[in-house]
Amino acid sequence: MLWAALVLVLTLTPAADMPITPVWELLSFDTAAHAGVFVVLAGLSWFSLRRQTRWPLLARYAGAIALLASILFGGLIEVLQHTMHLGRHGDWTDLLSDAIGAALAVGGATLWAARYKPHQLPVASLLLLGMLLATPNAQAQDLPRARRTIERLAAPQMYGRGYVQQGERIAANYLRDRLKALKIEPLAADYIQPFTLDVNTFPGSMSLELSQSRVPQFGRRSRLRAGQDFIAAPNSGGGQLPIGQVLCYLDSATVVTPDRLAYFLQFTRKTPWSVVLLDPYVQQPARLPARLRSRLDSAAAIISVVPKLTASLASTAGSVIRIEALPHPMLQPAERNKPSLAASSAGMAIDAQLQRNYQTQNLAAIIRGTAQPDSFLVVSAHYDHLGMMGRRTYFPGANDNASGVALLLELAAHYARPENWPAFSVVFLLFGAEEAGLVGSRYFVAHPLVPLKSIKFLVNLDLLGTGEEGATIVNGRVFEAPYRRLLALNNAHHYLPALGARGRAANSDHFPFSEAGVPAFFMYTRGGSPAYHDVNDKPAALSLAGFAGAFGLVRDFLGELGAAPVAKK
């Protein structure tokens, strides 16, 4: 019972508080840990049931009861991890490891007990053999470890891997430790390639309150939630406006109706005011008349109503507060002869700080080829994300791109094993500042750590946490022959449900390389969670349905290009 209680305590430990697990060459540490815990649990259970004399039937069937009870307990653990919102995630492979451990204990105990009962030896031997054959293949990716990597990178302690509280640096240090644990050679000093960027950040106040009255003491009020109901636009300036700030509403109908436009221009001539832009037409200044654009420049704050909150980063900050908000009953203009909930005033506070020459980094590691060390295959993924939106709201970035980083680390663990050492050198690049405009990958291309002309192919991994509908290969229509080979591998092994090809696109870190003449693919999975650049991109939302398939497909593709080990003579 004490051992079971200890296992439950470990089960209820939040993911962010779990230590980094080592990488073993022949067997996953996580598989061994689960199996080891249940070897002890099932063994103690078997011993206790055999010793007791009160219930002879339990003693007679001690092995079967201990095995069944241990598996059910393992199932309970996975259910608790899945439902208690501690950043842990139930996984059937963990349950399989638990069952293997329990079966090894019961089989071993049965063999020991059967040393005087030869007729029981075949059953115990078959049980042990079956469990050993069921042990997960050490050559494949470790899905539980990959999920823990995603959970760690998406944890609150990473501050969204952005530029508030040095979240990106905390993430980089964690990933550097992972590379060191794999004993992979650094390609730069301590794996770090530093560079700088300008980035607008929101480290402090982040509030928006609506009121039906222009007098603060009267009227219905509603406080909106940062990240859930509104976000700051990437280039928003900072400031504080007390409740009572007049709200004006502007939509496309107002722009094309002379009387309504004249009234808007008249009303906003002198009164301090903020504006709510209600539709995409008026949210694009280039479409608006010059006098209206000029008037909007004098607004104290601009609130754009959008169908989805999609955050991004900017290298500049404006002079006024800019907010993006979801549709809200109090952000609708009054209709003639109808009761209205529309807010007539608002109060807001946005702390915006433009960080100039902020120092961040790429990480670079290499496994030297055993046959052609001067020919390179590259696996890349960006580890940064969007950071914080105020003091409490952060963007987890589980799919974008903790998932891609997790797959890169699994590939690195694969090639780091001596039996998988590649013929060509394999380089692993973890880029910073992708969300800020591919800054890290552009810097690498301008300051390469290996000759670009010697890179045979680059595979960029981004958004790999789903996969129910297969994957898309950006540049598949540019590099048609390699794409056909990728498609043939997938058709032969059924790694993913489907592959689709796209053309040239500047949507991830492959782009600076392909523009510089390096053949490159960008792979992302489709289906599953729609969360993207928002606070809902959490580990629990990811199915990882295509993760194992993506691993196998990339491994085989790189193998055909030169990453396969040299055949022994």
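Asn-200 has its place in strand β2, residues 192-201. Helices here are DSSP runs of H or I of at least four residues, strands are runs of E of at least two, and both are numbered from the N terminus. Before I go further, a word on the basis of this talk. This is a predicted model, in which local features need pLDDT of at least 70 and side-chain atom pairs count only at pLDDT 80 or more, whereas totals for chains, interfaces and linings use all residues. Residues are numbered from 1 along each chain as its sequence is written, and side-chain values use heavy atoms, with hydrogens and water left out.

Is Asn-200 buried or exposed? Its relative accessibility is 2%, so Asn-200 counts as buried. By buried I mean under 20% relative accessible area, by exposed over 50%, and by partly exposed anything in between, with a 1.4 Å probe and protein chains only. The side chain of Asn-200 has a polar atom 2.9 Å from the backbone oxygen of Pro-234, and a polar atom 3.0 Å from the backbone oxygen of Ser-236. A polar contact is a pair of N or O atoms within 3.5 Å; within protein, one must be able to donate a hydrogen and the other to accept it, and residues adjacent in sequence count only if both atoms are side-chain atoms. Not counting residues up to four places away in sequence, Asn-200 touches several others, among them Asn-235, Ala-314, Thr-316 and Gln-353. Contact means heavy atoms within 4.5 Å.

Which elements do the buried residues of α8 pack against? They pack against α7 (143-153), β2, β11 (353-367), α12 (398-416) and β13 (424-431). The buried residues of α8 include Glu-168, Tyr-174, Arg-176 and Arg-178. After α8 comes Lys-183, whose phi is positive, near 60 degrees.

I turn now to the sheet. An open sheet of 8 strands has the order β4-β3-β10-β6-β7-β8-β9-β5, with mixed pairing. Why is one side of β4 and of β5 left without a neighbour in the sheet? β4 (221-224) and β5 (230-232) stand at the edges with a single partner strand each, so one side of each has no neighbour there. From one strand to the next, the twist averages 25 degrees. Two strands pair if DSSP finds at least two bridges between them. Strands β7 (residues 273-277) and β8 (residues 301-305) run parallel and are joined by 3 bridges; Val-275 has Ile-302 in β8 as its bridge partner. Across β6 (239-250) and β7 lies helix α10 (residues 258-267), running at about 160 degrees to β6. Such angles run from 0 to 180 degrees between N-to-C directions, with axes fitted to C-alpha atoms, for helices over the stretch in contact.

Strand β6 holds Tyr-249, which is buried with a relative accessible area of 16%. The side chain of Tyr-249 reaches the backbone oxygen of Ala-343 at 2.6 Å and that of Met-330 at 3.2 Å. Leaving aside neighbours within four places in sequence, the contacts of Tyr-249 include Phe-264, Val-276 and Pro-333. Tyr-249 and Ser-344 are 95 residues apart in sequence and 9.4 Å apart in space, C-alpha to C-alpha.

Next, the aromatic rings. Rings of Phe, Tyr and Trp (its six-membered ring) pair if their centres lie within 6.5 Å; planes under 30 degrees apart count as stacked, over 60 as edge-to-face and the rest as tilted. By this rule the count comes to 12 aromatic pairs. The rings of Phe-431 and Phe-513 have centres 5.9 Å apart and planes at 45 degrees, so this pair is tilted. Phe-431 lies in β13 and Phe-513 in helix α15 (residues 510-515), so the pair ties together parts 82 residues apart in sequence. Both Phe-431 and Phe-513 are buried. For Phe-521 and Phe-557, the ring centres are 5.8 Å apart and the planes at 25 degrees, so the pair is stacked. Phe-457, Phe-479, Phe-521 and Phe-557 form one aromatic cluster.

Finally, the whole chain: it has 16 helices and 17 strands, and buried residues make up 53% of its 569 residues.
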